[in-house]
Amino acid sequence: MATEATPPPPGGTATTPVPPTTERFVEMQQSAEFGELRRAHRSFAFPLTIGFIAWYLLYVLLSNYAGGFMGTKVVGNINVALVLGLGQFLTTFLIAWFYSRHAAEKLDPKAEAIKSRMEGDA
């Protein structure tokens, strides 16, 4: 695949950020700022993950052990199992949408601040 961009000169340029050292990465990982970013991610991701797994397991258990309930017709040929199964897809998309909003509002600004500090201090 051909591109029109010229390759970067050997040895890099003044505009290319210098990667931080391993010691700097470890120092940043142990900082309060990084801990806050990690907490913001975990406080959102873990509860939603546990909730979704519980919801999925409920669906599986109902499918296996409550066939009569799952076969109950809701409208026409649409039964409870189909409604709950489609609810699984809806829940997946809602979680992805909520996470993207959460990341854009809370995680990305903190991560960008850490990134710029790491690239600036290198």
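**Side-chain contacts**

User: Let's start with Phe-44. Buried or exposed?

Analyst: Phe-44 counts as buried, with a relative accessibility of 19%. The cut-off for buried is under 20%, so Phe-44 at 19% falls on the buried side. Keep in mind that this is a predicted model.

User: OK. How many aromatic pairs does the structure hold?

Analyst: Two aromatic pairs. In one of them, the ring centres of Phe-44 and Tyr-99 are 5.8 Å apart. Their planes meet at 45°, so this pair is tilted.

User: Where do Phe-44 and Tyr-99 lie?

Analyst: Phe-44 is in helix H2, which covers residues 32–65. Tyr-99 is in helix H4, residues 80–121. The pair therefore ties together parts that are 55 residues apart in sequence.

User: And how accessible is Tyr-99?

Analyst: Tyr-99 has 31% relative accessibility, which counts as partly exposed.

User: Which residues make the other pair?

Analyst: Trp-97 and Phe-98. Their centres are 5.1 Å apart, with 45° between the planes, and this pair is tilted too. Trp-97 is partly exposed at 45% relative accessible area. Phe-98 is also partly exposed, at 38%.

User: What sits over the ring of Trp-97?

Analyst: The charged end of Arg-101. It is 5.0 Å from the centre of the Trp-97 ring.

User: What else does Arg-101 meet, and at what distance?

Analyst: Arg-101 meets Glu-105 in a salt bridge, 4.0 Å from N to O. The cut-off for a salt bridge is within 4 Å. These two residues are four apart in helix H4, which puts about one helical turn between them.

User: Switching to the charges as a whole. How many salt bridges are there?

Analyst: Four. Arg-101 with Glu-105 is one of them. Another joins the side chains of Glu-33 and Arg-117, at 2.4 Å from N to O.

User: What about Arg-24? Which residue does its side chain bridge to?

Analyst: Glu-27. The two side chains meet in a salt bridge, 3.0 Å from N to O. The side chains of Arg-24 and Glu-27 also make a polar contact, at 3.0 Å.

User: Where do they sit relative to each other?

Analyst: Both are in helix H1, residues 22–29. They are three residues apart, about one helical turn.

User: Is Arg-24 buried or exposed?

Analyst: Arg-24 is buried, at 15% relative accessible area.

User: Now the greasy part. Which residues make up the largest nonpolar core?

Analyst: Seven residues: Met-28, Leu-37, Ala-40, Ala-103, Leu-107, Ile-114 and Met-118. H4 gives the largest share, four residues.

User: Take Leu-37. Which residues is it in contact with, leaving aside neighbours within four places in sequence?

Analyst: Leu-107, Lys-110, Ala-111 and Ile-114. Leu-107 and Ile-114 are also listed in that core.

User: Let me zoom out. How many helices and strands does the protein have?

Analyst: Four helices and two strands. The order from the N terminus is α-α-α-β-β-α.

User: How much of the protein counts as buried?

Analyst: 17% of its 122 residues. Phe-44 is among the buried ones, and so is Arg-24.

User: Last one. What share of the contacts between residues at least 6 apart join residues at least 24 apart?

Analyst: 65% of them. As for side-chain pairs across the sequence, Phe-44 with Tyr-99 spans 55 residues, and Glu-33 with Arg-117 spans 84. Each of these pairs has a residue in H2 and a residue in H4.

How values were computed: Residues numbered from 1 in each chain as written. Predicted model: local features only at pLDDT ≥ 70, side-chain atom pairs only at ≥ 80, totals over all residues. Heavy atoms only, no water. Phe/Tyr/Trp six-rings, centres within 6.5 Å; stacked < 30°, edge-to-face > 60°. Buried < 20%, exposed > 50% of the residue type's maximum accessible area, 1.4 Å probe, protein only. Lys NZ or Arg CZ within 6 Å of the ring centre and 35° of its normal. Polar contact = N/O pair within 3.5 Å; in protein donor to acceptor, adjacent residues only side chain to side chain. Core = buried A, V, L, I, M, F, W, Y, C linked by side-chain atoms within 4.5 Å. Contact = heavy atoms within 4.5 Å.
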